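Please look over the sequence and the model before reading on.

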Amino acid sequence: MLICLHFVMSKSEIKFFYCLKFHDCLKIFKSGVTRAYALCVNSLMTFALNKFAVNNLDIDTISVVIIIEKVISLSNLFLGLSTAMRPVLVSLRGENNTKSMRYLMRSVCFDMIILSGIISLIIFTFAPYLAKIFGVHDGLIFHESIKAIRIISAAIIFQAVMIVFFCYYTFIDKNFLAM
């Protein structure tokens, strides 16, 4: 608030310069629409899954669905790691160094496959303990939760690679391919 007040004061030497160009707005919109689309699709899928679960499943099965959603949310770790490659990728793109960009993508994909494979193996191995962390301790729902966690753990590898390519295509302005 003080900075804004400083800009509007008549005695201030620093004046706020407002320049709105259509081309700049279009670039911002173009890069933001892909992320907005991905978030909207994710929200709609979560809403549809929750609505289906509430309308068609019993309370025990809904508990399993909630556990699956929480295990899937671990993929945000891969999104953070994928965005860490952005400064290097943008720098290489500015230099038109496609060879190094391909090398970077190969190494990031390889690292993500290894990292997600390790996380997937840990989740697969410790599925009973994860179910207990979420409050499921015994009975049929316990065994169903373990099966569901193990099935989802196998999908984590593919999800990590998809996140890498989503970030890559977004960073190089190939937004249509990122969708």
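Phe126 sits in the loop between α6 and α7 (127-133); helices such as these are DSSP runs of H or I with at least four residues, strands are runs of E with at least two, and numbering starts from the N terminus. Phe126 counts as partly exposed because its relative accessibility is 43%, where buried means under 20% relative accessible area, exposed over 50%, and partly exposed in between (1.4 Å probe, protein chains only). This is a predicted model, in which local features need pLDDT of at least 70 and side-chain atom pairs count only at pLDDT 80 or more, while totals for chains, interfaces and linings use all residues. Residues are numbered from 1 along each chain as its sequence is written, and side-chain values use heavy atoms, with hydrogens and water left out.

Phe126 belongs to a nonpolar surface patch of about 630 Å², together with Phe110, Ile114, Ile118, Ile122 and Tyr129. Such patches are made of residues with over 30% relative accessible area and no salt bridge, with nonpolar side chains (Val, Leu, Ile, Met, Phe, Trp, Tyr) joined within 5 Å and like charges within 9 Å. Helix α6 (residues 98-125) gives the largest share of the patch, four residues.

Helix α6 has 28 residues and reaches 40 Å from its first C-alpha to its last, close to the expected 40 Å; the expected span is 1.5 Å times one less than the number of residues. Buried residues of α6 include Met101, Leu104, Met105, Val108, Cys109 and Met112. Ser120 also lies in α6, and is buried because its relative accessible area is 7%. Setting aside neighbours within four places in sequence, Ser120 is in contact with Ser153, Ala154 and Ile157, contact meaning heavy atoms within 4.5 Å.

The largest nonpolar core has 31 residues, of which Val71, Phe78, Met85, Ile149 and Val164 touch the most other members. A nonpolar core is a set of buried Ala, Val, Leu, Ile, Met, Phe, Trp, Tyr and Cys residues joined through side-chain atoms within 4.5 Å. Two or more residues of this core come from each of α3 (59-72), α5 (86-94), α6, α7 and α8 (140-171), and α8 supplies the largest share, 13 residues. Apart from neighbours within four places in sequence, Val164 is in contact with Ser82, Met85, Met105, Val108, Cys109 and Met112.

How many salt bridges are found in the whole structure? The search finds one, a salt bridge being a side-chain nitrogen of Lys or Arg within 4 Å of a carboxyl oxygen of Asp or Glu. The side chains of Glu144 and Lys147 form it, at 3.3 Å from N to O. Both residues lie in helix α8, three residues apart, about one turn of the helix. Glu144 is partly exposed, since its relative accessible area is 34%, and Lys147 is also partly exposed, at 48% relative accessibility.

For the protein as a whole, the secondary structure comes to nine helices and zero strands. Of its 179 residues, 26% count as buried. Among contacts with a separation of 6 or more, 68% are between residues 24 or more positions apart. The protein exposes about 12,700 Å², and carbon and sulfur atoms supply 70% of this area, with accessible areas taken from the Shrake-Rupley method with a 1.4 Å probe, counting only the protein chains shown as cover for residues.
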